Amino acid sequence: MIPQKNRFSEAKDWDEPEEEVYRVLSKEEMTALQASNAVKHPPLSPWRILAAQVVLTALSMAIWSIFGEPAGVSLYTQSAFLGGLISVLPSALFLIRLELAKKAQVLNPGNYLAALVSGEFIKIVVTLMLFLGVAYWLPGVFWVPLLVTYVLALKCVWLAWLWR
């Protein structure tokens, strides 16, 4: 079979798809919808996540103090503390930056987005500086407890899904 040349598509193929119709909610309907969603999904404070990171760091320090050589407060425990500190301190600075942006005189989406981006930049820079500082000034640190505690504290955000 020979393909046909100059075969044009049907006119209906070029028609624009029909627009979806959105129903505008009244103020009362919107208030009821927001109230029902607030009950289903209560807001989670980022400060609770930060507190959970601190608790997880303390738990990791306790575990490393039990299984480290020698038992008790040792270089393993101190390394785990440094890993938690490298995770918690930049997160706290990020949250402080966002809180300051919320308390600004003019709160608009552009200013809040700028605070979010600058806070994340501060978080990345401080994390890198802390890692470099530990590597440079503390050459005897044990990297396994430090990195394990760091990763555990970072993944503490996943626990927020369980709290909901």
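Predicted model: local features only at pLDDT ≥ 70, side-chain atom pairs only at ≥ 80, totals over all residues.
The protein chain comprises six helices and zero strands, helices (H or I, at least four residues) and strands (E, at least two) being DSSP runs numbered from the N terminus. Along the sequence the pattern reads α-α-α-α-α-α. Of the 164 residues in the chain, 25% are classed as buried; here buried denotes under 20% relative accessible area, exposed over 50%, and partly exposed in between (1.4 Å probe, protein chains only). Contacts are defined by heavy atoms within 4.5 Å. Among contacts between residues at least 6 apart in sequence, 70% join residues at least 24 apart.

The nonpolar surface patch covers about 1,100 Å² and is made by W47, F81, L85, L89, L93, I96, L100, F121, I122, V125, M129 and L132. Patches consist of residues with over 30% relative accessible area and no salt bridge, like charges being joined within 9 Å and nonpolar side chains (Val, Leu, Ile, Met, Phe, Trp, Tyr) within 5 Å. Helices α3 and α4 (109–137) each supply at least two residues of this patch. W47, another of its members, is located in helix α2 (residues 46–67) and is partly exposed, with a relative accessible area of 36%.

In soluble globular proteins, nonpolar side chains tend to be buried together. A nonpolar core is a set of buried Ala, Val, Leu, Ile, Met, Phe, Trp, Tyr and Cys residues joined through side-chain atoms within 4.5 Å. The largest such core contains eight residues, namely L50, V88, A92, F94, L95, L98, A101 and A115. To this core, too, α3 gives the most, with six residues. A second, separate core of seven residues includes I86, F131, V134 and V141. Within the largest core, F94 touches L116, G119, E120 and K123 when residues up to four places away in sequence are not counted. K123 is also touched by S91, together with L50 and Q53, under the exclusion of residues up to four places away in sequence. S91 is placed in helix α3 and counts as buried, at 9% relative accessibility.

T149 lies in helix α5 (residues 143–154) and is buried, with a relative accessible area of 1%. Apart from neighbours within four places in sequence, T149 is in contact with T57, S60, W64, A80, G83 and G84. L56, in helix α2, counts as partly exposed at 21% relative accessibility. Contacts of L56 beyond four places in sequence are made with L152, A153 and C156. L56 and L154 stand 98 residues apart in sequence, with their C-alpha atoms 9.9 Å apart in space.

Aromatic pairs were searched across the whole structure, and four were found. Rings of Phe, Tyr and Trp (its six-membered ring) pair if their centres lie within 6.5 Å; planes under 30 degrees apart count as stacked, over 60 as edge-to-face and the rest as tilted. The rings of Y136 and W137 have centres 5.3 Å apart and planes at 80°, so this pair is edge-to-face. Y136 is exposed at 64% relative accessibility, and W137 is likewise exposed, with a relative accessible area of 65%. One aromatic cluster is formed by W64, Y76 and F142.

The structure holds one salt bridge, defined as a side-chain nitrogen of Lys or Arg within 4 Å of a carboxyl oxygen of Asp or Glu. The bridge joins K102 and E99, whose closest N and O atoms are 3.8 Å apart. Because K102 and E99 are three residues apart in helix α3 (residues 75–102), about one helical turn separates them. K102 is partly exposed, with a relative accessible area of 44%, and E99 is partly exposed, with a relative accessible area of 25%.

Notes: Residues numbered from 1 in each chain as written. Heavy atoms only, no water. Areas by Shrake-Rupley, 256 points an atom, 1.4 Å probe, with all protein chains shown as cover.
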